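Hello,

Here is the structure I said I would pass on. Please look through the sequence and the model first; my notes follow below.

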Amino acid sequence: MKIDVNLDHGLIVWAKLSKKTESWAGLIISVKLMGFLFEEKPNKTWVWWLHHNTFSLVKNDLIYNFFLDFEFHSKNSSGQRKNGILEALEILSVRYDFNIPENIMNSDSLIPWASKNIETLTKNKMGKSKRNEPYTIPNHIIQKMVHINLKNVHSAINYNIEDNLKLEKGHKRNKNYFSNAKKKCQYCIACRVINVSIKNKHPLFQGFICNGCNKAAKQFLMPIAKDLANVRCSICFSLEATDIILCDFCVRVFCNNCVSVFCGQQSFNKIKRDQNWACFVCKKNSSSSLSCGLLSHSIEKQIQNIYNLYPAENSTSGMIKNKIKCQQLQILALQDDQNIVSTILEELKFPFRLVGSNYMDDIIFDPKVQHIKLLIQYYPNCEDYNENKFDSYGALEEFFSFLYLKNGLKNIKNTNDESLYWAFESSASITNHESNTISRFLGKQPILISMNTKNVRQRARFIWSNITILNKNIEQFINQDIFHHDISEKNSTNKKDQSLPWCYNSVYSILNSLIQNNILYA
């Protein structure tokens, strides 16, 4: 039989595996149209055996027209082979709009009836030229095909992963060693190096990462470039990856090497052609993970894992032992153009006095400034999301001005034996160099908190502070999806979010924590 697999996709035929075997009812399948991971070969066609629910690659000269010589191909049918013919007739009755008499349905008379009538019932509807649309394959059959293809994909991916595993120094290459390490997940899914003592869990995917990759994850999961995408692959966090694929729904990027290893070459090619691709992490649609050798955590688990990389205090053990006595909180709020500090303190009903809000070289010599209890700055400090705020090392210029005042005031406080509380707040999407520099000069690691803003580069915020900020102080601000480009109002963490001023969440956490944990109201 002459076959054009793309035009004949879904065509019901007779087929056999060899000249000596009996004919079986089946469907011609184009693995290219279905996107299946099966190899096509010249002069052979993939056939789905009806009722047997399996695939076989069959020689074209062993495939026959279903309507010709029906009686010959269907003789002596029984068991699964007979049920396959009945399934074929049911599909044909739908395709060609004819009815099978109810009194012979599922009886021994059905096949003789079909042998006598099938050619007459379909003769005016046969042929490619008379068919205006492709053959329809029932959904329940497609689901069985997809299930088998997934097994094939996962098997190929497992072999691919094993081929890409690397050995630690001092180990000799051994096939069993590789297989056992893969089965026990004793390898880093980022660098693919086998490590029997590995313990760190990948924040986005189910699996483990080594200490070096875990450090890279903390450094490169948050920075977001101007194209609203992460700067490194979300699987391996490697700087060597130059060819990347961007998700159309979230900030994640994936390098070509990781996608081809964990998805297989065929799925990789399909992803590259997809103009509206949802990645394995954000799970915007169910097809995102169908052909992926990685299992991602739930969205909630991913977000929690990210927050665990930048934790607040779990208990009061990190609190300053001696709370400062205060009847009125004197504050130097730098560049507080939106008056957020005063707005929040009024809401918290704590007595306060704003001493100043500008950078001045001689401000630390002002007598009234010497009595401040809190130095605070949030950055960027405007609501227009000025892109210039994210130019190279833009945060550091503001930070070093903050640091100059902090160190000058701290020297005065030490002379007077008084405590100074401070907090610097910034977008978490700043570069790794910027965040590392700030952490090094302040001697503190940042705490992560979320904002309810449509701008994904502003949605996650870092706080550096010597104020004791507990988990309970920020719980209401950690449930926001901080990575999707767009967020829905139903995910809002506060009913008043639409009317809240810029940086409300993070500044509120700073001030509320200070009042609750570090100040004794006198």
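In strand S3, Val47 is the bridge partner of Ile28. Strand S2 (residues 24–29) and strand S3 (residues 44–49) run antiparallel and are joined by 4 bridges. Strands here are DSSP runs of E with at least two residues, helices are runs of H or I with at least four, and both are numbered from the N terminus; two strands pair if DSSP finds at least two bridges between them.

This is a predicted model, in which local features need pLDDT of at least 70 and side-chain atom pairs count only at pLDDT 80 or more, while totals for chains, interfaces and linings use all residues. Residues are numbered from 1 along each chain as its sequence is written, and side-chain values use heavy atoms, leaving out hydrogens and water.

The open sheet has 5 strands in the order S4-S3-S2-S1-S5, with antiparallel pairing. Strand S4 (54–59) and strand S5 (63–65) are at the edges with a single partner strand each, so one side of each has no neighbour in the sheet.

The whole structure holds 20 aromatic pairs (ring centres of Phe, Tyr or Trp, for Trp the six-membered ring, within 6.5 Å; planes under 30 degrees apart are stacked, over 60 edge-to-face, the rest tilted). Phe254 and Trp277 form an edge-to-face pair, 5.8 Å centre to centre with 75 degrees between the planes. Phe254 is in strand S9 (residues 253–255) and Trp277 in the loop between helix H9 (265–273) and helix H10 (299–309), so the pair ties together parts 23 residues apart in sequence.

Regards
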